Amino acid sequence: IAAQASARTASAEGVAVNVPTHLWRKINGLTHDESTSQRLIKNIYERNPGQAIEWVVERAIWEIERGRR
């Protein structure tokens, strides 16, 4: 994932995708590690082909929050 002004770019299945900044900040705030965030996004993207990147990142956030209950 490379930093950009308004979004982050994640590589999933060899395809670069833009992650909205607010979601990128939220998932990194939960993981405290960009490589962990990238891995979670990539794994969920691969398990759910065809889903929008926003959905994928929101799902990753949901899984993190669920695991902390």
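At what angle do helix α2 and helix α3 pack, and how far apart are their axes?

What you see here is a predicted model. The protein chain has 69 residues, and 38% of them count as buried. Its secondary structure consists of three helices and three strands. Starting at the N terminus, the order is β-β-β-α-α-α. The accessible surface is about 4,200 Å², and carbon and sulfur atoms hold 47% of that. Take the contacts with a separation of 6 or more: 36% of these join residues 24 or more positions apart.

Next, the helices. Helix α1 covers residues 21-31. Which of its residues are buried? They are Thr21, Leu23, Trp24, Ile27, Asn28, Leu30 and Thr31. Just after α1 comes His32, with a positive phi of about 60 degrees.

Now back to the opening question. Two packed helices are described by the angle between their axes and the distance between the axes. Helix α2 is residues 34-47 and helix α3 is residues 53-67. They pack at about 115 degrees, and their axes are 9 Å apart. The crossing of α2 and α3 is right-handed.

Which residues meet there? On the α2 side they are Leu40, Ile41, Ile44, Tyr45 and Arg47. On the α3 side they are Ile53, Trp55, Val56, Val57, Arg59, Ala60, Glu63 and Ile64. Sorted by type, the residues of this contact are 10 nonpolar, three charged and no polar.

Definitions and conventions
Residues are numbered from 1 along each chain as its sequence is written. This is a predicted model: local features need pLDDT of at least 70, side-chain atom pairs count only at pLDDT 80 or more; totals for chains, interfaces and linings use all residues. Side-chain values use heavy atoms; hydrogens and water are left out. Helices (H or I, at least four residues) and strands (E, at least two) are DSSP runs, numbered from the N terminus. Buried means under 20% relative accessible area, exposed over 50%, partly exposed in between (1.4 Å probe, protein chains only). Contact means heavy atoms within 4.5 Å. Accessible areas come from the Shrake-Rupley method with a 1.4 Å probe; for residues, only the protein chains shown count as cover. Axes are lines fitted to C-alpha atoms, for helices over the stretch in contact, and angles run from 0 to 180 degrees between N-to-C directions. A crossing is left-handed if the near helix is turned anticlockwise from the far one by less than a right angle, and right-handed if clockwise. Ala, Val, Leu, Ile, Met, Phe, Trp, Tyr, Cys and Pro count as nonpolar, Asp, Glu, Lys and Arg as charged, and the others, Gly among them, as polar.
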